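Here is a note for a colleague who is meeting this structure for the first time. The points below are meant to be read with the model open alongside.

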Amino acid sequence: PSSTTLTHEGIINENYYKLKQRETKLISNFEMSHASIKNPITQKREYFLGILCKSKYDGVGIREPIDIGIVLDISGSMDSCMNTKGETRLDISKKSLITFINNLDEKDSISIRAFNNKSINITSFTNAKKFLEKEGNIDIINKLTSNGGTDIYQGLNAVYQDLKKNEKKSNKHRRIILITDMEYFHDQEFIDLCKEMSDNNIYLTILGISESFNTNLTELISKMKGCNYYII
């Protein structure tokens, strides 16, 4: 990625703070810690303050059920090889998607859309476990192939509409996960959609699969409320 776009992604992971004893009684408890380190480039000492939120539920794995819209890029650029095994960006994305669904809980629901120039419906909202159990569903994902151009707006908007339709039936937390190489020349319509989703408490996580990932666009989106940005 361009060095000019690396302003805040991953900053939290650059620093760590020693924890005292584990919280066992309180649902929410704060702990402060501090650290200092000499900058290897400037040789000046830098100081950090950690404010930690600890809970008796940490590590237990308790969370509320969630509605998740998943948007999978199957455009032609996803056919590029990524490793010595001959796996493409799409191969890795499909395996990651199936593993992710396998790790969801019984009360979680999913909607899956693939996209290139257009949106392709894999499943409208359904229980994640039931989707896995239904014969042939995993084959549908595994048989997806790379072709066509890239129009993220089409896939993202389709899943967003699914989430809005399902809102009356569900009061769960809602999130969208976008799996893409982000080789996409966006327009204002796409940016406006991301802002609208955020304003409606539907938050976006982008999983970028590619060394040529469009960091400039993602940097812009990741500053919106509730959005996450990871480079794999």
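At what angle do H4 and H5 pack, and how far apart are their axes?

1. The helix pair. H4 and H5 pack at an angle of about 25 degrees, with 10 Å between their axes; axes here are lines fitted to C-alpha atoms, for helices over the stretch in contact, and angles run from 0 to 180 degrees between N-to-C directions. The two helices, H4 and H5, are therefore roughly parallel to each other, a term used for angles under 35 degrees, while those over 145 count as roughly antiparallel, 65 to 115 as roughly perpendicular and the rest as oblique. On the H4 side, Ile-152, Tyr-153, Leu-156, Asn-157, Tyr-160 and Lys-164 meet Glu-189, Phe-190, Leu-193, Cys-194, Glu-196 and Met-197 of H5, where contact means heavy atoms within 4.5 Å.

2. Basis and confidence. This is a predicted model, in which local features need pLDDT of at least 70 and side-chain atom pairs count only at pLDDT 80 or more, whereas totals for chains, interfaces and linings use all residues. Residues are numbered from 1 along each chain as its sequence is written, and side-chain values use heavy atoms, with hydrogens and water left out. The protein chain has a mean pLDDT (the predictor's confidence in each residue, from 0 to 100) of 84, and 88% of its residues reach 70 or more. Confidence is lowest in strand E8 (residues 228–231), with a mean of 60, and highest in strand E4 (residues 109–115), at 95.

3. Overall layout. The protein chain has six helices and eight strands, which are DSSP runs numbered from the N terminus (helices, H or I, of at least four residues; strands, E, of at least two). Along the sequence they follow the pattern β-β-β-α-β-β-α-α-α-β-α-β-α-β. Of the 232 residues in the chain, 41% count as buried, meaning under 20% relative accessible area, with exposed over 50% and partly exposed in between (1.4 Å probe, protein chains only).

4. Helix H6. Six of the eight residues of H6 (residues 215–222) are buried, leaving this helix mostly covered. The buried residues are Thr-215, Leu-217, Thr-218, Glu-219, Ile-221 and Ser-222.

5. Gly-155 lies in helix H4 and is buried, with a relative accessible area of 0%. Apart from its neighbours within four places in sequence, Gly-155 is in contact with Val-71, Arg-113, Phe-115 and Ser-119. Gly-76, by contrast, sits in the loop between strand E3 (66–73) and helix H1 (89–102), and is partly exposed, with a relative accessible area of 30%. With neighbours within four places in sequence again left aside, Gly-76 is in contact with Ser-146, Asn-147 and Gly-148.
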